[in-house]
Every structure is written in structure tokens, then in C-alpha cells.
Amino acid sequence: MYAFTLERPANVADAAKLVAAGGKVLAGGQTLLASMKLRLSAPEQLVDLGGIKELVGIKKEGNAFVIGAMTRHLDVGSHAEVKAAFPALAWLADHIGDRQVRAMGTIGGSIANNDPAACYPSAVLASGATIVTSKREIAADDFFLGLFTTALEEGELITAIRFPIPKRAAYEKLRQKASNFPLVGVFVTQGDSGVRVAVTGAGNGVFRHKGLEDALAKSFSPEAAAGVKIDSSDLNSDLHASAAYRANLINVLTQRAVKKALA
Ligand SMILES: Cc1cc2nc3c(=O)[nH]c(=O)nc-3n(C[C@H](O)[C@H](O)[C@H](O)COP(=O)(O)OP(=O)(O)OC[C@H]3O[C@@H](n4cnc5c(N)ncnc54)[C@H](O)[C@@H]3O)c2cc1C
């Protein structure tokens, strides 16, 4: 590790000022510290959000859960109200990485990082969630812009994510054994605004699949998903899986997710 300064602000306003002046946000450090050790990132100042109480916790507001950006995966996965009302979200959080990653990793860090194989972006996009920042609110459809890229501006902090609670939802993934990240993951919701299907791990970033959404809007059944042909031309091909394999996984995992959502 190399020399850097560390600030521990006690509130969002002070954190936002430090970040606007060039500081780099530190959440659970699960991605950032590893990339600093590898010299892929070399911030001169870290702004640790760990002391800001207002960023931690889960509130139910009407038919939505508002989850603070510094809430750890472990706390979402074990939250009794989330488990009862939105079990797919709790299951997703409870199946991220390993226990250490879940104890330290945060929802805000996951969303801000927008790893193309991360689990949370698929839940945010499939739920039509809203990302609340230190400056504004951003709809999930406008937030994820591609590989490790989001609509966040310089100096902008995620403070919370607001998830409308769907009528039905489920998340299915196939883990890539070496990293534990999903090779492909599919999050399906059925709610007031219809059916939404978000895919992670297969492309340049999380994306919605219109063909699956249209088929499931007509008939919310595994058979309807099975009938959708997945175009592999824009999907990733690497040493772990070909694009054709990932296309097949999208179809199979969607069928499993719909079956689980109906159970
Ligand atoms: C071994 C391993 C396995 C993993 N497996 C999975 C998996 O299966 N599924 C999965 O989804 N994820 C997985 N992860 C990722 C993990 O869940 C973390 O969410 C992710 O690494 C981000 O970590 P963090 O929250 O500690 O954020 P940090 O590493 O502290 O920050 C990540 C980035 O986000 C920025 N940032 C953090 N918080 C904010 C904020 N509030 N506002 C603005 N910017 C912010 C930081 O500046 C940094 O650029 C894995 C990680 C590891 C190390």
C-alpha cells in the first residue's frame, strides 16, 4: 500500500464536501482496497463513510424499502421485514460472495461500482428502484450506463436505494466458481408496472431483456420464458463461458426464477 490520507466525516454534507474536493469514497473496501493494492486505483485521500449513521439501515416507507447506502449485505439478507415482504432481495444479499464479503460489502458500494457481474444492479434495475444521492434521485433505468460506469457525477454520493416492493420476484444465478460472482444472474419482478427482467454477468453491464419481459407479461410462466430465443451476438465470451452458453443460461435461469417467484 502507498501513503494516502483518511477522513472520517460524521455526516453526508461533510462527506459530500470532501468528495467534491477530490476525495475518494470508501465504503466496505471490498473492491476499492483490492484495486488500491493492485495499483489500479491510487486516491490521495479516502473518505470513509463508515461513521455516518444516517447511511445505515432499512426503513419501510409505504410499499417500498429504503436501504441506506452503507447497509451491509449481511444486514439486508437477515432483515426480517425484507425477508417477509421481498424475499428475493434478501436471498440475493444472502448469496453474495462469502461471509466476509457480506459482512463488509455495502449496497451503495455495489451499485456505485457497477461491476458487470454484480448481483445488486440486477435487483435495482428489475425492481425499477430509485437511487437517492446527495444531489438528486435517479431512476434505475437511467443509472447503469455500462461497464463500471453509472450516472453518478464527480462528487456525488449514493445515500440510499428505494425499492418498490413487487407482487412477485425471484433471483437466480449460476456462480463462477473461482470468484463466486455470477457467471449469469437473472432477477425477475412482477408488479404494478408490469414484468421486468434484468440480466447481470452476461454483457457489458446489467441490462433488461425486452423479449423475456414481453413474453412474461402475456403469460407469467416458465414455459413462456422457455419460448424466447436469446440473441447471443452482444453477450460476453471468455474463458469461463461462450456467448452462446450465456444466452442459454439467461433462458434457463429466467425459467427457474419465474418458477421460484410463483412458488
Ligand atoms: C471475493 C469477492 C466475491 C464477491 N462476490 C460478489 C457476488 O457474488 N455478487 C456481488 O454482487 N458482489 C460480489 N462482490 C462484491 C461485493 O459484494 C461488494 O459489494 C463490492 O465489492 C463493493 O464493495 P464495497 O461496498 O465494500 O465498496 P468499496 O469497495 O468501498 O467501494 C467500491 C466503489 O464504489 C464507490 N462507492 C462506495 N460507496 C459509495 C457511495 N455511497 N456513493 C458513491 N460511491 C460509492 C467507491 O468510491 C468505489 O469506487 C464480491 C467481492 C469480493 C471481494
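Trainee: Which residues does Ile161 touch, not counting residues up to four places away in sequence?

Mentor: This is a predicted model, in which local features need pLDDT of at least 70, side-chain atom pairs count only at pLDDT 80 or more, and totals for chains, interfaces and linings use all residues. Residues are numbered from 1 along each chain as its sequence is written. Two residues are in contact if their C-beta atoms, placed from the backbone, lie within 7 Å. With residues up to four places away in sequence left out, Ile161 touches Ile67, Ile107, Ile111, Val124, Ala129, Ile131 and Val132.

Trainee: How many bridges join strand 6 to strand 10?

Mentor: Ile131 also stands opposite Ile161 in strand 10. Strand 6 (residues 130–133) and strand 10 run antiparallel, and the number of bridges joining them is 4.

Trainee: How many residues of strand 10 are buried?

Mentor: A residue is buried if 20 or more other C-beta atoms lie within 10 Å of its own, exposed if 12 or fewer, and partly exposed in between, with C-beta atoms placed from the backbone. Strand 10 is mostly covered, and of its 7 residues the buried ones number 5.

Trainee: Which residues have the most contacts inside the largest nonpolar core?

Mentor: A nonpolar core is a set of buried Ala, Val, Leu, Ile, Met, Phe, Trp, Tyr and Cys residues joined through C-beta atoms within 7 Å. The largest one has 78 residues, and those with the most contacts inside it are Leu89, Ile161 and Val188.

Trainee: Which helix gives the largest share of this core?

Mentor: The core draws at least three residues from each of domain 1 (5–164) and domain 2 (168–262), bounds that come from an automatic or database domain assignment. The largest share, 7 residues, comes from helix 12 (residues 243–262).

Trainee: Against which elements do the buried residues of helix 5 pack?

Mentor: The buried residues of helix 5 are Ala88, Leu89, Ala90, Leu92 and Ala93. They pack against helix 3 (73–77), helix 4 (80–85), helix 8, strand 10 (158–164) and strand 11 (168–175).

Trainee: Which helix gives the most to the side of domain 1 that touches domain 2?

Mentor: In this contact, 22 residues of domain 1 meet 24 residues of domain 2. Helix 5 (87–94), helix 8 (120–127) and strand 8 (144–146) each supply at least two residues of the domain 1 side. With 6 residues, the one that gives the most is helix 8.

Trainee: Where does the ligand lie, and why?

Mentor: A residue is near a molecule if its C-beta atom, placed from the backbone, lies within 6 Å of it. The ligand is surrounded by 32 residues, the closest being Gly28, Gly97, Gly105, Gly108 and Gly109. Helix 7 gives the most to this shell, with 5 residues. Both domains give residues to the shell, so the ligand lies between domain 1 and domain 2.

Trainee: Which are the edge strands of the open sheet of 4 strands?

Mentor: This sheet has the order 11-12-13-14, with antiparallel pairing. Pairing on one side only marks the edge strands, which are strand 11 and strand 14 (207–208).

Note on methods: Two strands pair if DSSP finds at least two bridges between them.
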